[in-house]
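Could you walk me through this model in the viewer, one selection at a time? I would like to know what to click on next and what I will find there.

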Amino acid sequence: MPLVSDILVVAGGGGGAGIAGGSANGGGAGGAGGYSENTAESLSLLSYTVTVGAGGAGQSGATDGTDGSTSSFGAIISNTGGGGGGYGQVDARAGHTGGSGGGGGGNTNSPGGAGGAGTAGEGNAGGAGTYSASGAPGGGGGGASAGGAAGTGGGGSSDGGDGG
């Protein structure tokens, strides 16, 4: 007789990015790990391999955030880790694709980096980094319920984008 259960799997989130080219170029935030839920799943009375994905490391300097690791419950569900954020620089980097995408890096010289794409059914895209000559914040990481917001402001009042 099978066991009926609800299963929730969340992968590790991505790490935030560093800043290059001075403190005015903000790094993007890491995206949330992919999320999925199966309800009323019929399970055989066997053993299942469960993998819990680690979160990605945040970075400093001219380095993108590290992607989160995949989580799974047997062969039934597997989720993608969150995308790392893109670092802020003269040539801002895009956020990484993941369960939810990482935010793009900010740039004081040209357009900010694009937000990374989220995986369909697991998460949402990260927000874009901002372009502003007086201070360029990075974008927010995507989340399970919403995409990340673009950075706002410039100069001393810059804010990174909100996570989803």
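Predicted model: local features only at pLDDT ≥ 70, side-chain atom pairs only at ≥ 80, totals over all residues.

**The whole chain**

Along its principal axes, the trace spans about 65 × 25 × 20 Å. Colour by secondary structure next: you will find 5 strands and 0 helices, giving the pattern β-β-β-β-β as you read along the sequence. If you colour by burial instead, 42% of the 164 residues come up as buried. Contacts are worth a look too: of those with a separation of 6 or more, 47% join residues 24 or more positions apart.

**The open sheet**

Now select strands E3, E4 and E5. These 3 strands make an open sheet in the order E3-E4-E5, with antiparallel pairing. Strand E3 (50-51) and strand E5 (77-79) each have a single partner strand and stand at the edges, so one side of each has no neighbour in the sheet. Zoom in on E4, residues 71-73, where 3 bridges link this strand to E5 in the antiparallel sense.

Then centre the view on Phe-73.

**A surface patch**

For a view of the outside, select Leu-8, Val-10 and Tyr-35. They form a nonpolar patch on the surface, and their accessible area together is about 270 Å². Leu-8 belongs to strand E1. Is Leu-8 buried or exposed? Its relative accessible area is 53%, so Leu-8 counts as exposed.

**A buried alanine in a loop**

Move on to Ala-17, in the loop between strand E1 (3-10) and strand E2 (35-43). Its relative accessibility is 14%, which puts Ala-17 among the buried residues. Select everything in contact with Ala-17, leaving out neighbours within four places in sequence, and you get Gly-27, Gly-28, Gln-59, Thr-63, Asp-64, Gly-65, Gly-85, Gly-86 and Tyr-87. While you are here, draw a C-alpha to C-alpha distance from Ala-17 to Gly-138: the two are 8.9 Å apart in space and 121 residues apart in sequence.

**The salt bridge**

Side chains of opposite charge can pair when their charged atoms come close. How many salt bridges does the structure hold? There is 1. Select Asp-64 and Arg-93 to see the pair, whose closest N and O atoms are 2.8 Å apart. Asp-64 sits in the loop between E3 and E4, and Arg-93 in the segment after E5, so the pair ties together parts 29 residues apart in sequence. Finish by showing the surface around both partners: Asp-64 is buried, at 11% relative accessibility, whereas Arg-93 is partly exposed, at 38% relative accessible area.

How values were computed:
Residues numbered from 1 in each chain as written. Heavy atoms only, no water. Pairing = 2+ DSSP bridges. Helix = DSSP H or I, 4+ residues; strand = E, 2+ residues; numbered from the N terminus. Buried < 20%, exposed > 50% of the residue type's maximum accessible area, 1.4 Å probe, protein only. Contact = heavy atoms within 4.5 Å. Patch = residues over 30% accessible without salt bridge, like charges linked within 9 Å, V, L, I, M, F, W, Y side chains within 5 Å. Areas by Shrake-Rupley, 256 points an atom, 1.4 Å probe, with all protein chains shown as cover. Salt bridge = Lys/Arg side-chain N within 4 Å of Asp/Glu carboxyl O.
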